[in-house]
Amino acid sequence: MSAIDTLPPLREVITTHGLVAKKALGQNFLLDLNLTAKIARQAGDLADSDILEIGPGPGGLTRGLLAEGARRVLAIEKDQRCMPALDQIAQAYPGRLQVINGDALEINPLDHLTPPVRVVANLPYNVGTELLVRWLTPAVWPPVWTSLTLMFQREVAERIVAQPGSKAYGRLALLAQWRSNARIVLNLPPEAFSPPPKVSSAVVHIEALAAPRYPCDAKVLERIVAQAFNQRRKMLRAALKGAAPDIEDRLLAAGIKPTDRAETIDLERFCALARLMAQP
Ligand code: SAM
């Protein structure tokens with residue numbers, strides 16, 4: 001019998017500890033342990049990795065990660081009510097689960113984990129994008145993490161993997177795809193969660209590349225991409241007006257027509273423009 005079998009079913013855990021879902025904390029729980037094990041398996045080799053999990057809640061995904069052989073899991077959960085349920089899991093897997101009761105936006109535990117580090121989370125929707133952008137824009141590259149396996153609203157997942165010319169293409173796609181491979185590995189209907197959210201969800205798996213796909217300065221790229229998509233319907237010569245007096249010349253030198261719109265420009269040309277913008 002594996003350790004997961006000695007723990008009570010998640011519905012019982014929720015009743016025992018009075019874990020009525022709180023909307024303000026983005027609580028939509030996964031109660032099917034077959035599904036949480038499946039999500040855990042999308043993360044790659046767990047046995048050789050430390051896992052950072054954000055928002056374990058009652059611990060369904062945490063149990064999946066441990067049962068699938070994670071070397072160690074460090075979980076950060078804001079809701080104090082979940083601590084007894086998570087303690088029970090820690091006891092079933094001695095020395096392999098550490099839980100911090102706190103806000104993931106204020107704690108950065110990546111530096112305290114032993115590489116390789118993989119991040120796996122059914123993220124609270126209200127903080128998911130913020131955390132993703134932070135993980136994609138660290139001070140140094142390659143980052144501490146090897147991979148991110150994250151649940152998002154389907155619409156956000158599509159923005160991460162989007163290609164030029166699509167409505168979903170923008171800042172998130174460019175940030176993610178510049179230095180990593182990103183793909184949707186699982187789609188989930190609202191009924192997979194308790195309580196069901198209003199929208200569908202998807203798991204995105206992101207693997208960090210050793211080096212950026214095209215060279216350029218990260219801060220310059222982030223700045224011009226943000227500016228270009230801030231007014232995505234405008235032609236780039238207007239959207240980037242003020243970025244440089246000779247912006248039209250720089251656009252042309254990067255292979256971009258000044259009348260093009262941001263959503264049609266691929267990553268390679270944004271990187272070329274970032275290199276040109278870095279020049280005096
Ligand atoms: N991982 C669990 C599962 O799959 O059933 C719960 C997922 S639920 C969508 C999001 C979890 O994140 C909740 O348990 C919530 O309390 C927690 N949470 C919300 N905001 C947080 C924050 N800023 N830092 C850490 N945890 C947070």
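How many residues line the largest pocket, and which lie nearest its centre? Hi everyone, let's start there. This is a predicted model, and its largest pocket is lined by 30 residues, with L25, G55, E77, N122 and P124 lying nearest the centre. The space in that pocket comes to about 430 Å³.

Where does the lining come from? Strand 1, strand 2 (50–54), helix 3 (60–67), strand 3 and helix 5 (125–136) are the elements that each give two or more residues to it. Helix 5 has the largest share, with four residues. By residue class, the lining divides into 17 nonpolar, nine polar and four charged.

Now, on to the ligand. The space it takes is this largest pocket. Two elements give two or more residues to the shell around the ligand: strand 1 (29–30) and strand 3 (72–77). That shell holds 20 residues, and the closest are L30, G55, E77, D103 and N122. Sorted by class, the shell has eight nonpolar, seven polar and five charged residues.

For those of you who like atom pairs, here are a few. Q27 places a polar side-chain atom 2.9 Å from an oxygen atom of the ligand. At G57, a backbone N or O atom lies 3.4 Å from a ligand oxygen. On the nitrogen side, a polar backbone atom of A104 is 2.9 Å from a nitrogen atom of the ligand.

And how much of the ligand's accessible area does the protein cover? On its own the ligand has 590 Å² of accessible area, and the protein covers 99% of that.

Methods
Residues numbered from 1 in each chain as written. Predicted model: local features only at pLDDT ≥ 70, side-chain atom pairs only at ≥ 80, totals over all residues. Heavy atoms only, no water. Near = heavy atom within 4 Å. Polar contact = N/O pair within 3.5 Å; in protein donor to acceptor, adjacent residues only side chain to side chain. Areas by Shrake-Rupley, 256 points an atom, 1.4 Å probe, with all protein chains shown as cover. 1 Å grid on protein atoms, 1.4 Å probe; cavity = no way out; pocket = protein on both sides within 12 Å on 5 of 7 lines; lining within 4 Å. Sits in = over half its atoms within 2 Å of the grid points. Nonpolar A, V, L, I, M, F, W, Y, C, P; charged D, E, K, R; others polar. Points joined across faces, edges and corners; volume = space filled by probe spheres on them.
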